[in-house]
Amino acid sequence: MLLELYRVHQFVMKFFKEFLFPPYEGKEIIRQCYQVGYRSLLLISLTGFITGIVFTKQSRPSLAEFGATSWLPSLVGIALLRTLAPLLTALISAGKVGSSIGAELGSMKVTEQIDAMEVSATNPFKFLVISRVIATTVTIPILTFYTALVGLIGGFVNVMFNENTSFIAYIQSFLDSITFLDITASTIKSIVFGFTIGMVGCYQGYNSSRGTEGVGKAANSAVVIGMFLVFVEEIVATQITFFFKT
Amino acid sequence: MTAQKSLPEIVISIRGVKKSFGDYEVLKGADLDLYERENLVVLGRSGTGKSVLIKIISGLLTQDSGTVNVLGKDVSKLGPKELLALRLNVGFSFQNSALYDSMTVRKNLEFPLVRNRKHLTKGEINYAVETVLDAVGLSQTIHQMPSELSGGQRKRIGIARTLILQPQIMLYDEPTAGLDPITCIEINSLINEVQERFHTSSIIITHDLTCAKETGDRIAMLLDGQFQKIGTFDEVFASDDERIKPFYDYNFIV
Ligand SMILES: Nc1ncnc2c1ncn2[C@@H]1O[C@H](COP(=O)(O)OP(=O)(O)OP(=O)(O)O)[C@@H](O)[C@H]1O
Ligand SMILES: [Mg+2]
């Protein structure tokens, strides 16, 4: 356990050491960003949209009791922006992207493709790990705001059937209710989530044990550990934002 | 130029190399020299540490004790930059080819070039790719993915990818394992052709005595973690050693 922690520490340190020094694998980074976005886009769109509808529908009766259904856009918007979108996006990405990074690097490791890069005088860490971690760190925040937007649209679908609010007015009342802190906090949070998911996937894959069994294990632990860390970070982030608000 | 023939230069020198995994000692003090422009065949049973040995030569693994000198440099003492520089001169063809699954044959071959020869133009890279593909006789596969190739084709692409940096030393890990006799013959002549065309010095690991006989200038027998017998093919197999004879009997008895 302690040894494992030490190795994780070494891996993360190596990341920052290599990250700070060029050359960068620009093409590979862009390719990976595309992969990360592309892999989770459909699932995220669907989940975000449905969450928007369902959450609005569920909240309606409680607000209606106080005759406050006009607060729906801000309620839905804040919930989406602060928690639902970052968390949903991170969890889905941990499942889809984290596992595929773990499996891909794991199988490259066991079939000696990583060794092959090394002996052909290429730095596999830079090519494989750095590019993937940068890709998740950049792409997951973008996906998060996309999820929030899709969720808002889902919410509007529900609102549309019940009140005659225009989309502009709906968005306006959402914008009025959010603060700069909300946006900053969500951005920082999802950057951390993205970094975590990429890092965990790469660590598991890069250090997977020999044999095909190792590949499965790497993919599996990438998801489990990735999701676990995302929850832990969510709790910590909530505490920190509360601290800033008071 | 002097008329007198000077001693051939040593490009790899291995002295007293030991390596264990856990409690299991794989190499127990191996000594070996590779001379310039020779094909040296390493024979040995499965699990005797042949792959481990060449991984130590290329710095993928580090020995527990002993020294490995490659082109005058002590491999285990090199920093990351020097190791990269050395690896440009040492080609490694893997036992299982280790082609990059996610890239086409062309991208596989370009991979070492675009990263290490930044001054090359697109045209020069294409030319280099076509040249090595032609050398291994697989020009038609250039747009294919590794998964679409046969085992023998993969081996040859693996060798081509190693050749593209024009290394001084080639390390072949079981180039003919698992291939049919005709493909084996092709690979054997490819290895010899590489030696003539690119003036490489090579270590060839194999179980296949035909390959050993065809390609090897010298044969080294790895037994019990040490090189027990080094010499020409006939010298090695003239031995009565009970551990060497079965190799010969199995391969050549009708
Ligand atoms: N990275 C490693 N970790 C642990 N053990 C290893 C490692 N690499 C090799 N070994 C062990 O070292 C021994 C020698 O392995 P090696 O691959 O060198 O055999 P070999 O001589 O190449 O055999 P073969 O002809 O089957 O390829 C084996 O018992 C193997 O289990
Ligand atoms: Mg081997």
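Colleague: How many aromatic pairs does the structure hold over all chains?
Modeller: Twelve aromatic pairs, counted over all chains. Keep in mind that this is a predicted model.

Colleague: OK, pick one. What sort of pair do Phe11(A) and Tyr203(A) form?
Modeller: An edge-to-face one, with 5.2 Å centre to centre and 80 degrees between the planes. Phe11(A) sits in helix α1 (residues 2–20) of chain A and Tyr203(A) in helix α7 of chain A, so the pair ties together parts that are 192 residues apart in sequence.

Colleague: And are Phe11(A) and Tyr203(A) buried or exposed?
Modeller: Phe11(A) is buried, and Tyr203(A) is too.

Colleague: What about Phe92(B) and Phe94(B), how are those arranged?
Modeller: Phe92(B) and Phe94(B) are stacked, 4.3 Å centre to centre and with 25 degrees between the planes. Both of those residues are buried as well.

Colleague: While we're on α7 of chain A, where is Thr196(A) found?
Modeller: In that very helix, α7 (residues 180–206) of chain A. Thr196(A) has a relative accessible area of 7%, so it counts as buried, the cut-off being under 20%.

Colleague: What is Thr196(A) in contact with, leaving aside its neighbours within four places in sequence?
Modeller: Leu229(A) and Glu233(A).

Colleague: Switching to charges over rings. What does Arg115(B) lie over?
Modeller: The face of Phe111(B), at 4.1 Å from the ring centre. There's also Arg161(B), whose charged end sits over the ring of Tyr100(B), 4.3 Å from the centre of that ring.

Colleague: Now the sheet in chain B. In what order do the four strands come?
Modeller: β2-β1-β4-β5, as an open sheet with antiparallel pairing. β2 (24–35) and β5 (73–74) of chain B are at the edges and have a single partner strand each, so one side of each is left without a neighbour in the sheet.

Colleague: Which helix packs on the sheet?
Modeller: Helix α1 (residues 50–57) of chain B, which touches β1, β2 and β4 of chain B. The direction of that helix makes about 120 degrees with that of β1(B).

Colleague: How many bridges join β1(B) and β2(B)?
Modeller: Nine, in the antiparallel sense. One position to look at is Ser20(B), which stands opposite Glu25(B) in β2(B).

Colleague: And what's in the turn of that hairpin?
Modeller: There are two residues between β1(B) and β2(B), and Gly22(B) in the turn has a positive phi of about 65 degrees.

Colleague: How many bridges do β1 and β4 of chain B pair over?
Modeller: Five, again antiparallel, between β1 (residues 10–21) and β4 (residues 65–70) of chain B. Arg15(B) has Thr67(B) as its bridge partner in β4(B), while Ile14(B) is partnered by Val68(B).

Colleague: Which way do side chains go along a regular strand?
Modeller: In a regular strand they alternate between the two faces of the sheet.

Colleague: Last thing, confidence. What is the mean pLDDT of chain B?
Modeller: The mean is 87, and 96% of the residues in chain B reach 70 or more. For the model, the scores are ipTM 0.86 and pTM 0.85.

Notes:
Residues numbered from 1 in each chain as written. Chains lettered and ligands numbered in written order. Heavy atoms only, no water. Pairing = 2+ DSSP bridges. Contact = heavy atoms within 4.5 Å. Axes fitted to C-alpha atoms, helices over the stretch in contact; angles between N-to-C directions. Buried < 20%, exposed > 50% of the residue type's maximum accessible area, 1.4 Å probe, protein only. pLDDT = per-residue confidence, 0-100. Phe/Tyr/Trp six-rings, centres within 6.5 Å; stacked < 30°, edge-to-face > 60°. Lys NZ or Arg CZ within 6 Å of the ring centre and 35° of its normal.
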